[in-house]
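Me: Hi! I've got a model open and would like to talk through how it is put together. Can you help me read it?

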Amino acid sequence: QRRHRHAQIGCAGHLAENAAEADLLRYAQTEDFIKFGFEPEFVGRLPVRVVLDKLSVEDLYQILKQSEGSVIRQYEASFRAFGFDVIFADEGLHAIAEKAAAENTGARGLLTVCEHVLREFKYELPSSAIRQFVVTRGLVENPAADLPRLLRDSADEQRQLARQCVQDWARRF
C-alpha cells in the first residue's frame with residue numbers, strides 16, 4: 001500500500017488515489033512480499049501469482065444453476081438412487097447461494113451449505129413413503145423444522161390415499 005500510494009508535491013502534483021484493499025493485491029510485486037517478511041527463496045518459487053475476486057451471491061447462484069458438475073445435480077442423482085426426486089426451486093437456490101456467500105469460501109461453500117441443509121433428508125426420507133420434495137427458501141433456512149413437517153404431511157397423504165382406495169373398493173363391491 002505504501003509503494004502504490006505515491007503523491008507528488010508542488011504545483012504539478014496530484015493527490016494519491018486510495019485503492020480498495022482487495023485491488024491492492026493486483027499491484028503486488030516480488031519486492032512487496034520480501035519487504036512483508038517472506039524469504040526471497042520462497043517467493044522465487046512462486047512464478048505465477050493470481051488475484052481472485054470474491055464470488056457474489058449471483059455468481060454462486062449461476063454456478064448452482066448452470067455448471068455441469070453442480071452440487072445440485074449431484075444431490076438430484078443421489079436422491080434419485082434412493083427412489084425419490086428432489087426439486088430445487090429458484091428461491092431455494094438463491095437461499096443456498098446467500099448462505100454460501102456468508103461462508104466466504106467461494107464455490108466450495110455451496111457444498112457446505114447443501115450438506116448442512118440436506119444431510120438429515122438423506123437419512124430420513126429413504127425409509128419414508130415420500131417420493132418427491134421441493135427445496136424452498138423455508139427449507140434452506142430451517143431444515144430441522146421442515147423435515148418433520150414433510151414426514152408428517154406424507155403420512156397424512158398416505159392415510160388419505162389408503163382411505164380413498166378402501167372407499168373405491170367398497171363402492172365397486
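Me: What share of the residues of the protein count as buried?
Reply: Of the 173 residues, 24% count as buried; buried means under 20% relative accessible area, exposed over 50% and partly exposed in between, with a 1.4 Å probe and protein chains only. Please keep in mind that this is a predicted model, where local features need pLDDT of at least 70, side-chain atom pairs count only at pLDDT 80 or more, and totals for chains, interfaces and linings use all residues. Residues are numbered from 1 along each chain as its sequence is written, and side-chain values use heavy atoms, with hydrogens and water left out.

Me: Thanks! How many helices and strands does the secondary structure come to?
Reply: There are nine helices and two strands. Along the sequence the pattern reads α-α-α-α-α-β-α-α-β-α-α. Helices (H or I, at least four residues) and strands (E, at least two) are DSSP runs, numbered from the N terminus.

Me: And what about contacts between residues at least 6 apart in sequence: what percentage join residues at least 24 apart?
Reply: That comes to 59%. Contact here means heavy atoms within 4.5 Å.

Me: Let's look at helix packing. At what angle do the axes of α4 and α6 cross?
Reply: Helix α4 (residues 57-66) and helix α6 (residues 90-103) cross at roughly 125°, and their axes come within 8 Å. Axes are lines fitted to C-alpha atoms, for helices over the stretch in contact, and angles run from 0 to 180 degrees between N-to-C directions. The two helices are therefore oblique to each other; under 35 degrees counts as roughly parallel, over 145 as roughly antiparallel, 65 to 115 as roughly perpendicular and the rest as oblique.

Me: Which residues meet there?
Reply: From α4 you have V57, E58, L60, Y61, L64 and K65, and they meet D90, L93, H94, I96, A97, E98, A100 and A101 of α6. By class, the contact of α4 with α6 has nine nonpolar, one polar and four charged residues. In that scheme Ala, Val, Leu, Ile, Met, Phe, Trp, Tyr, Cys and Pro count as nonpolar, Asp, Glu, Lys and Arg as charged, and the others, Gly among them, as polar.

Me: What does α6 do with α7?
Reply: The two pack at an angle of about 120°, with their axes 8 Å apart, and are therefore oblique to each other. On the α6 side the contact uses I96, A97, K99, A100 and E103, and on the α7 side G109, L110, T112, V113 and C114. That contact has six nonpolar, two polar and two charged residues.

Me: Next, how do the axes of α5 and α7 cross?
Reply: They cross at roughly 15° and come within 11 Å, which makes α5 roughly parallel to α7. V71, Y75 and F79 in α5 meet L110, L111, C114, E115, L118, F121 and K122 in α7.

Me: C114 again! Is C114 buried or exposed?
Reply: C114 is buried, with a relative accessible area of 1%. Not counting residues up to four places away in sequence, C114 touches V71, Y75, I96 and R119. C114 and I96 are 18 residues apart along the chain, with C-alpha atoms separated by 7.1 Å.

Me: Now the aromatics. Which residues form one aromatic cluster?
Reply: Y75, F79, F84, F121 and F133. Rings of Phe, Tyr and Trp (its six-membered ring) pair if their centres lie within 6.5 Å; planes under 30 degrees apart count as stacked, over 60 as edge-to-face and the rest as tilted. By this rule the count comes to eight aromatic pairs. In one of them, Y75 and F79 have ring centres 6.3 Å apart and planes at 35°, so the pair is tilted. Both lie in helix α5 (residues 71-81), four residues apart, about one turn of the helix.

Me: And where is F133?
Reply: F133 lies in strand β2 (residues 132-135) and is buried at 3% relative accessible area. Beyond its neighbours within four places in sequence, F133 contacts residues including F79, F84, L118, F121 and L150.
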